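Let's walk through this one together, a chain at a time. Keep the viewer open and follow along as we go.

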Amino acid sequence: MSLLLLIEQVLNGLQFGVMLFLMAAGLTLIFGVMGLINLAHGSLYMVGAFAAAAVAGATGSFLLALMASLTAAAVAGALIELLVIRRLYDRDHLDQVLATFALILIFSEGTRWVFGSFPLFLDIPAALSGPVTLPGGIQYPAYRLLIIAVGLVIAFGLFQLIARTRIGIRIRAGESDREMIAALGVDISRLYTIVFALGAALAGLAGALVGAIQSVQVGMGEPVLILAFVVIVIGGIGSIKGAFVGALLVGLTDTLGGVLLPGVFGTFMEASAATAIGSSLASMSIYILMAGVLLFRPTGLYGTA
Amino acid sequence: MKLRSLMLAAGLAALASVGLADGHAGKVKVGMITTLSGGGAGLGIDVRDGFLLATKMAGNENLEVVVEDDQRKPEIAVQLADKMIQSEKVDIMTGIIWSNLAMAVVPAATAQGKFYISPNAGPSALAGKGCHPLYFNVAWQNDNLHEAAGAYANDAGYENSFILAPNYPAGQDALTGYKRMYGGALAGEIYTKLGQTDYAAEIAQIRASGADSVFFFLPGGMGISFLKQYAGSGVDLPVVGPAFSFDQGILQAVGDAALGVKNTSQWNKDIDNAANKAFVEGFQAEYGRLPSLYASQGYDAANLILSAMAEADVSDADAFRAALAAAKFDSVRGDFKFGSNQHPVQDFYVREVIKEGDVFTNKIISASLTDHADAYAAECSY
């Protein structure tokens, strides 16, 4: 394996990780602040992608499509918080899982009802299609570089929001003591709605950004949701910093595992068996990583017990 | 249009549930289990629509169809099959799209004396040692389209292919099928994760491998993702694949990235015969969209059953089986016959993705394999 290929794969892992962070950030905030397991987070990702595809199809503008994804997912998030989720805060996790699983089904069938069963078209803007040549002669798709950049900017913005703004203080307060912050006169239910909508908007943005290079179809959110749960478990539930580190770890492990493991097995095995075993093990690699992290830090890397 | 097809299906289902008790001479009840919700729903909907179109065009009142949604889950498919066999008392079953679901349902159904006509899934296990006198496949054996792609790669002069497929039985069948026909060397062979949507790592490996062509089998959404990312990566090696990543349902979602790509299929809408013409026109008139190969398979499955009904009574299993095996129907593929293991012996074509007006579709550019049977027929004995 040449160094250039390795660097390219590291970039791929980074891009994947940054995308996962957008998903995991919302999930971990919602779990941290409200103690809610939201399985429907993947549906908000899908809502973002479909909104983007619809708007891009109607207007042809990718920027408008991204705004639409943010808005649609935030509105959908706020709506389900007001209508459904609000009733679940005091219930146990099993009830939450049941209700949000029902939301997945409702969103999936609702989306199919509106948009049909066939995947939608959403393409990257012409200006960003094709590769750029990076220093060292690496050819890398321009759009993926943009995703890395957008993800890092949003991560930075989110850290600033949590660390330096009043709403951030309230979110952190809500994480550490829900009853106390309510007793201090903060409108806790409004805070919950805002946090939920914020998490939803990030998921929707991720859906739109990724939808442009993948397929916009019903059920696209669930595979990502599973990875996002792995990320927040590794990072420590409720921690934005943990979500960031966890997402990058998962992204890099998944990408590099898939690339390197078949080669490693190939050194002492017959080629096609090495491919089969290597890729099977690569699919497990992030779960092995999660198990390893939990073994040494049962609350995750940045979690508090 | 969608609403109309739904109503048609609902109407037929309602009809079926109040239908006369079975046992009346000439009546045939078909139980269709297919995928109508979830990620792979487009395929099942096309099979169902093609099937119902054929029954509607035939206007045969002795054929009842019950349609159920398996949600692409084997356990649900098994429950539905039990229900259809025990309480609906169907005579014939059909509809399953995915090989893993077919493996869960078909052996049990045929063991209970029900005919099974597969409109899509053709796992090697059911074509070879596990074949059954009551099991017919009207589409293809899983390896076939990949074998056709391998044969095309030879014709095109490719000598160093990079091949990839998801790591599950049909994916392994795919690479096996391609390698069976392809005579050149392999620049690389990768199994991706099933349901994977990001192929940046694989595309980087393709770029570094020095291959002269790429063969991939990534059905449904996986193929959309791969093609879009491949087009954006700047790698410009020729790509070839089976029709599953280039069917009518997903081409619009891939867009320009698919333009000019060669793919192999047993059917296309421009095959020149009267049956195909009637099918393509009828499908567009009924549903307002172009048919896919899945729709053509559903349509052929219904016509196969209708042709057997004209020859024999379903209660006489031996006679009905012989009538099915004779395949006396006008297939949209033109010549069609069953081999010794009741899988098709048919022609395969190379298609190219083109744009007709605003719509992306396929056009046949050459023949790939003629009168091609599958590699497992010899292992089958009844």
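A crossing of two helices is called left-handed if the near helix is turned anticlockwise from the far one by less than a right angle, and right-handed if clockwise. Hold on to that for the helix pairs below. Before that, some housekeeping: this is a predicted model, where local features need pLDDT of at least 70 and side-chain atom pairs count only at pLDDT 80 or more, while totals for chains, interfaces and linings use all residues. Residues are numbered from 1 along each chain as its sequence is written, and chains are lettered from A and ligands numbered from 1 in the order in which they are written.

Start with chain A. Its secondary structure comes to 11 helices and two strands, where helices (H or I, at least four residues) and strands (E, at least two) are DSSP runs numbered from the N terminus. Along the sequence the order is α-α-α-α-β-β-α-α-α-α-α-α-α. The pLDDT (the predictor's confidence in each residue, from 0 to 100) averages 90 over chain A, and 99% of the residues score at least 70.

As for overall dimensions, the C-alpha atoms of chain A fill a box of roughly 65 × 50 × 35 Å along the principal axes. The radius of gyration, taken over C-alpha atoms, can be held against a globule rule of 2.2 Å times the number of residues to the power 0.38. For the 305 residues of chain A, a compact globule would come out near 19 Å, and the chain's 20 Å agrees with that.

Now the helix packing. Two packed helices are described by the angle between their axes and the distance between the axes. Axes here are lines fitted to C-alpha atoms, for helices over the stretch in contact, and angles run from 0 to 180 degrees between N-to-C directions. Helix 1 and helix 5 of chain A pack at about 40°, with their axes 9 Å apart. They are therefore oblique to each other; under 35 degrees counts as roughly parallel, over 145 as roughly antiparallel, 65 to 115 as roughly perpendicular and the rest as oblique. Their crossing is left-handed. Residues making this contact (C-beta atoms, placed from the backbone, within 7 Å) include A:Leu14, A:Val18 and A:Leu22 of helix 1 of chain A and A:Ile148, A:Leu152 and A:Ala155 of helix 5 of chain A.

Helix 2 (residues 41-59) and helix 9 (residues 221-235) of chain A pack at about 130°, with axes 8 Å apart. That makes this pair oblique, and its crossing is right-handed. Among the residues in the contact are A:His41 and A:Tyr45 of helix 2 of chain A and A:Glu222 and A:Leu225 of helix 9 of chain A.

Over to chain B, which has 13 helices and 13 strands. The axes of its helix 3 (residues 74-86) and helix 4 (residues 99-111) come within 9 Å and cross at roughly 25°, which makes helix 3 of chain B roughly parallel to helix 4 of chain B.

Finally, where do the two chains meet? In all, 41 residues of chain A are in contact with 33 residues of chain B. Elements giving two or more residues to chain A's side include helix 1 (3-34) and helix 5 (142-164) of chain A.

Key:
Contact = placed C-beta atoms within 7 Å.
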